[in-house]
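Welcome! Please take a moment to look over the sequence and the model before reading on.

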Amino acid sequence: MSEEKKDIISEGKAIVENSDFADEEKPLPVPKEPKVEEKETPKVDEKPTNESEVNLHKEEPAILAGEEAKEEKNPNEGNPDKNVKIKKSKPSPVTYDYGDERLSNIEKDRDIFYHQYKKSNIWKYSVSAFCIAVIIIGYVLPLSIEAWKSYQMPITLSVLAAGVLGLGIFSYVSRKKIEVKMKDYFHKFYENTNAYVFSNPEVKNFAGAVEDKLPTEIFNAAGLYKDVTQVGSRASYQFDYKGLGCAISDAAGQTRGKKGALNTVFVGKFVQAPNTYKGGACIVYLKGNKRALPPTALGDYNLIEDHRDMVVYGETGAKRALTKKVRAAIAKFQTNDTLCDMAISIKEGQTYIALGYEDTLMVLPMDKPFNPTPTMQYKGDMAKVFNLIGALNFKESEKK
């Protein structure tokens with residue numbers, strides 16, 4: 001990561017406290033599966049003999065013969081003059097077709113903020129260089145002028161104090177100005193994103209702010225992750241969907257490891273919605289790739305189903321939550337490079353949906369053009385979430 005991008009991220013922490021959406025965060029290491037010899041592979045829907053055999057990551061399709069990756073060809077191959085090197089053309093600048101004014105506005109706001117940030121950096125480096133130069137002159141000049149030699153120490157110390165004080169005042173004022181501009185950019189980013197994603201006419205009374213947090217106790221109420229002690233969050237919003245009070249937040253659940261180190265167990269969008277379900281807790285986990293972070297509290301529940309791309313855990317009678325409509329709604333979701341994985345916790349009266357997303361969605365664009373594809377995926381996923389919320393608010397006649 002470039003020093004410039006690190007500066008942007010560090011200054012952003014002054015606005016969005018306890019946030020954990022930077023791409024330097026690495027997922028927890030995936031344990032290697034033990035090799036099992038001379039045992040038949042269980043069928044896809046066959047219940048494993050013990051919990052340790054449950055694979056919480058989606059099985060990758062086998063590579064067919066002849067589909068191996070081909071080596072990149074040498075650009076000079078076939079060139080009759082071996083002494084003449086053929087230069088590869090430089091890639092053209094990345095551009096995107098946004099197709100929606102709200103997505104286009106995100107890129108315009110990003111470009112404006114980034115140029116303001118670069119301009120602020122130029123001033124910061126220039127003033128720093130000037131102050132250092134003045135301090136050096138304040139030390140060297142008294143030594144070169146005979147009449148000033150007896151005052152060399154007072155002059156040097158005075159110039160040093162003035163230089164450090166001036167640099168400190170300028171840095172403070174400059175930082176505050178860029179924080180205001182960054183805060184404005186964050187607000188505009190979420191305003192445009194929310195206007196695009198939540199354009200469903202059934203969504204009403206949308207309210208909240210970038211600074212609003214998700215309480216740790218609400219995150220833990222889902223019963224998906226064990227021993228979460230801290231939840232970094234931002235952009236917590238409340239809204240009504242078909243008269244049902246729902247909420248969504250950017251969240252990063254963390255546990256306290258050895259020597260106090262924080263380990264991230266979830267990063268993504270955390271959704272809350274009411275339901276009319278009556279019965280034991282039901283946990284549905286849609287498996288993802290090796291970047292996915294499976295729920296860590298699955299061992300607290302009974303294994304009900306294990307499929308290639310989905311696993312179901314729960315308490316006694318939890319399968320009642322999975323009606324035909326609910327199963328059909330869940331089947332519409334597809335994990336991929338953007339939606340790493342997804343966990344659904346269905347409890348009496350309340351549903352919690354943890355959508356684990358990649359950094360391409362969770363980290364705000366700064367120095368590179370805004371890529372709309374992850375946000376478009378997010379909009380599509382939320383349409384499926386609304387469908388699932390509706391399916392979980394069934395009538396008595398639909399519980400079969």
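This report walks through some of the salt bridges in this predicted model.

## The overall count

How many salt bridges does a search of the whole structure find? The search finds 15. Among them is a network that links E107, R110 and D111.

Let us start with helix α3, which spans residues 152-197. Here the side chains of K176 and E179 meet in a salt bridge, with N and O at 3.8 Å. These two residues sit 3 positions apart, about one turn of the helix.

Are the two partners buried or exposed? K176 is partly exposed, at 37% relative accessible area. E179 has 14% relative accessibility, and it counts as buried because the cut-off for buried is under 20%.

E211 is partly exposed at 33% relative accessibility, and K183 is partly exposed at 39%.

Another salt bridge joins K319 and E305, with their closest N and O atoms 3.4 Å apart. This pair, too, links distant parts of the chain: K319 is in the loop between β7 (310-314) and α5 (324-331), while E305 is in strand β6 (residues 302-306), 14 residues apart. K319 is partly exposed, with 45% relative accessibility, whereas E305 is buried at 10%.

Methods
Residues numbered from 1 in each chain as written. Predicted model: local features only at pLDDT ≥ 70, side-chain atom pairs only at ≥ 80, totals over all residues. Heavy atoms only, no water. Salt bridge = Lys/Arg side-chain N within 4 Å of Asp/Glu carboxyl O. Helix = DSSP H or I, 4+ residues; strand = E, 2+ residues; numbered from the N terminus. Buried < 20%, exposed > 50% of the residue type's maximum accessible area, 1.4 Å probe, protein only.
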